[in-house]
Amino acid sequence: MLGIRLGVVIAAFALVAVACGGGGDGGDTGDDAAQEPDTTQETTEDAPTTTLTGEEDEVVEARDAGEATGEDVRETETGPVHGGRLVYGIEADSANPFVHYATSCAISCRMIFRAITDSLYITDSHGEIVPYLVESEEHSDDYMEWTLTIRDGIAFHDGTPLNGEAVAYNLNLCRLSPLTGPAFLGVDSVVGEGQTVTITASPGQPLAAGIGPAGRAEVCGQMFSQAWMATLPNNPLYTSPASPLTQEQREAALANATGDPSEPVGLGAFKFVSYTPGNGNSFVAERNPDYWRGPNGITGENLPYLDEIEFVVAVDIQGRSNGLKGGQFDIIHTANADEISKYEGDSDFVLLQANDFGETSYNLINVAAGVNPWLQAVLGAEEPIPMDPTGINGGNPLLHLSCRKALAHAFDGERFATERHKGLVQVANGPFPPGSIGYLEDTGYPTYDVDAARAEFEQCKADHGQVPVAFSFNTTNDVFNVESNELIASMWADAFGSELDVSIQPIEQGQYINLALVGVFQMQGWRNHGGVDPSEQWYWWSPFTANPVDPSVPELALNFGRFLDPAISDALNDIRHNPDPEARRKAAEAINRAFAENVWNLWTYWTLWGIIAQPRVQNLTDLPIPGNDEGTFPVISGKHHLAQIWCTDGNCQG
């Protein structure tokens, strides 16, 4: 099997252009904590007057506490039945579809992945990452080696078996990919034999959390057919500079690589039928009669119940919502709390709300400057590695802490939450929402204080040396996001007047994430960092994933802001390598405080997701886990499972 060393993988990240992995809908490029710009749109209707039921009151209380799980608690008069075609309105298409090592996978993409395949691990109802396709796991006393036993008797849609070799092939391709590789830094080797997979840590880097955070129901934990991936021209074995294949072997493989990455072969409840890209177009999948959790599978269950699922891209939330009301869609998802509020108390629809383990919305800042000694050390470079070799980010005033603190103090989060999100969201003070490991009621992040903002701005002007202080503020090119950025900019204008010049730059979604990956931006609206374990955030915040900004040789960086923070780096090491829960919690809290102290990002609010469906669509979230007394966690960052859904009388439309 493949043997890929840490230093070689790091080198590959520095060499491979963004075209190999970037692009798309601004979606997350790693695990659950997906970096995804908000895709919501403004609506002009006022929220209707509603009367909430007792259950809805409980949801509101949970939402206010940051503990809304999105659980579907409806009682049904009949049991589940087979049949029906479900049409799901999703918020965005995906770039480079549909294989884990290449797709810029946002929330919508991950819903498609959950339909067509399953993951090594899954999150249970307590928020614990537990085995799923993995039957059991064990580790050495020093956490340097993990052995996974894979459930036997599971087949991919093409009939090939899920075994240790197939799992190792999946993980090693992800390790070679410039897009997903950072999730596996610290892994020295992955080897499969029979039904087992052995994962060995790099020297001195014990895997305290195991492979679970990288292997659950997100991206690289989701398994695809080895036979199918071997036919794909974008296979990292054929394209990565770190590939163990010889040049001759790569050329021979590429000559026969005629497969289509947009026709995925998984092992999930539904099988690929067709995909037509773009807004208004769709991904169709049909029932898998040989599903491992079906009558012909190893568990003898009756999953899935639906005959077919069609995912239809509807970027505009108003169009998506109108499509639900008009019968075009049977179910939609949205992170627009303004639209969510209109369904509260509406008995014509089922509304699930979720913010537990959710994402944080914020303004992402490019602070690329100086040199990166972490990259220099791991690459063995003789000369320091400059973060901004051409000076493209040198004129960004947000390089100065005083400027970042001034903007943070001038942001009225409560006003923003009320005017843009009907007061349904909570103002954020850090990356960890309530209920998450690392959450702090007081992180030390600058609070709304205009006098403090003006005092910091005086220092900002001196540090920057230019008046007006000017920078560009990117947003996706939809009305709601543009107007949200304009509201934030107006707050800053109220505080600093003409001495601040903020340029709102609407960007087409397909280009949005590319700008972050290559570092060609000053500030961007963003949404990311949902997840149940803080180790999932390592590749977003590590100095090892902060590659330089150089448009002439674009280098992929998942630490989009390019900040280099020793305190955060040390705390991340504790989280990844220390098995003590209390030590991991303290490390996560230290990360929270370090973000606040340095204002690396401008936090805005913790995201609320809504799953809204026609009443005929039943059991939206209650998926049991074989061999486990607990079911799956209902909704995490807008994502839920699909195999357990059924429709009344086997007919979703009625």
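**A close look at the rings**

Mentor: Let's begin with a charge beside a ring: in this predicted model, Arg 293 lies over the face of Trp 292, 5.9 Å from the ring centre. Another case is Arg 420, which lies over the face of Phe 480 at 4.3 Å from the ring centre.

The structure holds 28 aromatic pairs. Take Phe 563 and Phe 595: their ring centres are 5.4 Å apart and their planes stand at 75 degrees, and over 60 counts as edge-to-face, so that is what this pair is. The two partners come from distant parts of the chain, 32 residues apart. Phe 563 sits in the loop between α17 (538–541) and α18 (566–577), while Phe 595 belongs to helix α19 (residues 581–598). Phe 563 counts as buried because its relative accessibility is 4%, and Phe 595 is buried too, at 0%. Both also belong to a cluster linked by ring pairs, along with Tyr 362, Phe 432, Trp 541, Trp 600 and Trp 603.

Helix α19 turns up again in the second largest pocket, where it gives the largest share of the lining, 3 residues. That pocket holds about 530 Å³ of space. It is lined by 22 residues, and the closest to its centre are Glu 128, Ile 129, Ala 209, Asp 533 and Arg 584. Besides α19, the elements that give two or more residues to this lining are β4 (134–139) and α5 (212–215). By type, the lining residues divide into 12 nonpolar, 5 polar and 5 charged.

Notes. Residues numbered from 1 in each chain as written. Predicted model: local features only at pLDDT ≥ 70, side-chain atom pairs only at ≥ 80, totals over all residues. Heavy atoms only, no water. Phe/Tyr/Trp six-rings, centres within 6.5 Å; stacked < 30°, edge-to-face > 60°. Helix = DSSP H or I, 4+ residues; strand = E, 2+ residues; numbered from the N terminus. Buried < 20%, exposed > 50% of the residue type's maximum accessible area, 1.4 Å probe, protein only. Lys NZ or Arg CZ within 6 Å of the ring centre and 35° of its normal. 1 Å grid on protein atoms, 1.4 Å probe; cavity = no way out; pocket = protein on both sides within 12 Å on 5 of 7 lines; lining within 4 Å. Points joined across faces, edges and corners; volume = space filled by probe spheres on them. Nonpolar A, V, L, I, M, F, W, Y, C, P; charged D, E, K, R; others polar.
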